Amino acid sequence: MGKGLIKRTKLEIAKSPEGLEGPGFFAGKLEEVIGLARANSLWPLPFATSCCGIEFMATMASNYDMARFGAERLSFSPRQADLLMVMGTIAKKMGPTLRQVYEQMAEPKWVLSVGACASSGGIFDTYSVLQGIDRIIPVDVYVPGCPPRPEQIIEGIMKIQELAKNESFRRRHSDEYKRMLNSYGIE
Amino acid sequence: MDKKELLELVYTKLKEKFHGSIESAELLYDFPVFTVNKEHIHEALVFLKEEPEFNFHFLTDLTGIQTADEKHLGVVYHLHNMPKNFRIRVKTFFPMSNPEIPTAVDIWAGANWMERETYDFFGVKFKGHPNLKRILNVDEMDIYPLRKEYPLEDQTRDDKSDKMFGR
């Protein structure tokens, strides 16, 4: 085994937020530090019901490696999840289950709608399929495609990271946010 | 025994017992098919199961159908005798105004879920069924979606105007 076999990659770690820095201290906005931590340690809950779920498996596996974005740890309990990834056709009968999963997640939480079916019902314009999950829960980022490629799903995750990074502390307590939840009938 | 002989055998036995209640007996796509009057469907099914000569002990499938004139509903039974490898199809039709027929759960326990499915999609009421409620669709649904009078597409969408789709 020669030395040349080991490729040296330039490691990029998350940049620290703006602030006053000196030996042994850093002064900045707590909001930004927490945003940085949240964005780079998302725990996704995969709600995979069909082919987009298969694409998600590729996204999570070594080739595309979603773990690079700090989303290594999938949470199969909604209580510990930050990000609900809905991938696949949601039948009307599945609707209440999806909603319950969303309600069980603790704040702060984000929702990523992956694929045409989750976003709009897709080709299934029929009596038994929910025409987009945004009819029952709020959605942060939509990923189009039927199914989308892993690169697209990663792009969606990065958009969620941007949201998490730049979210203000007060957002989840604001009247506007509560009004938005109420419009979905969620307390 | 080939299909034609099976058709003849079952038809003779059925005719002996039920006379005018057998509306038709024919070989469709190389498959013996019988149409039985709704009034005698239950007895006919019991007979087909109990008669030792053919003994259709297995209900492969049970499903609904709506005729093209939208005036009648039907129920189709696929019967099978495994040791002898006999298969037949039994149909019965009734008007949409009174979609009620006796259950087959007392003959084949496997009819339970299939009758619930037929009720779910066609609104056929199976008299005597132990638990006749929707099985696949949401409980709140107030239509029978596979009947031709109800549209296939979701009716809650407002972004699909006919103009955009050339309809």
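Chain B holds an open sheet of 5 strands, ordered E1-E2-E5-E4-E3, and its pairing is mixed. This is a predicted model. Chain A is represented here by helix H2, residues 51-60, and its buried residues. The two chains also touch: 8 residues of chain B are in contact with 9 residues of chain A.

**The sheet of chain B**
- Strand E1 (22-27) and strand E3 (58-66) of chain B stand at the edges.
- Each of these edge strands has a single partner strand, so one side of each is left without a neighbour in the sheet.
- From one strand to the next, the twist averages 20°.
- Strand E4 (residues 72-81) and strand E5 (residues 86-95) of chain B run antiparallel and are joined by 10 bridges.
- His78(B) stands opposite Arg89(B), a residue of E5(B).

**The helix across the sheet**
- Helix H3 of chain B, residues 111-122, lies across E3 and E4 of chain B.
- H3 runs at about 5° to E3(B).

- On the side of chain B that touches chain A, the residues divide into 3 nonpolar, 2 polar and 3 charged.

**Helix H2 of chain A**
- Cys52(A), Glu55(A), Phe56(A) and Thr59(A) are buried in this helix.
- Seen down the axis of H2(A), the buried residues fall within an arc of 105°, so they line one face of the helix.
- Their cover includes three strands of chain A: E3 (44-48), E4 (83-87) and E5 (110-114).
- Helix H4 (115-120) and helix H5 (150-166) of chain A are also among the elements that cover them.

Methods: Residues numbered from 1 in each chain as written. Chains lettered and ligands numbered in written order. Predicted model: local features only at pLDDT ≥ 70, side-chain atom pairs only at ≥ 80, totals over all residues. Buried ≥ 20, exposed ≤ 12 C-beta atoms within 10 Å, placed from the backbone. Helix = DSSP H or I, 4+ residues; strand = E, 2+ residues; numbered from the N terminus. Arc of directions from axis to C-beta. Contact = placed C-beta atoms within 7 Å. Nonpolar A, V, L, I, M, F, W, Y, C, P; charged D, E, K, R; others polar. Pairing = 2+ DSSP bridges. Axes fitted to C-alpha atoms, helices over the stretch in contact; angles between N-to-C directions.
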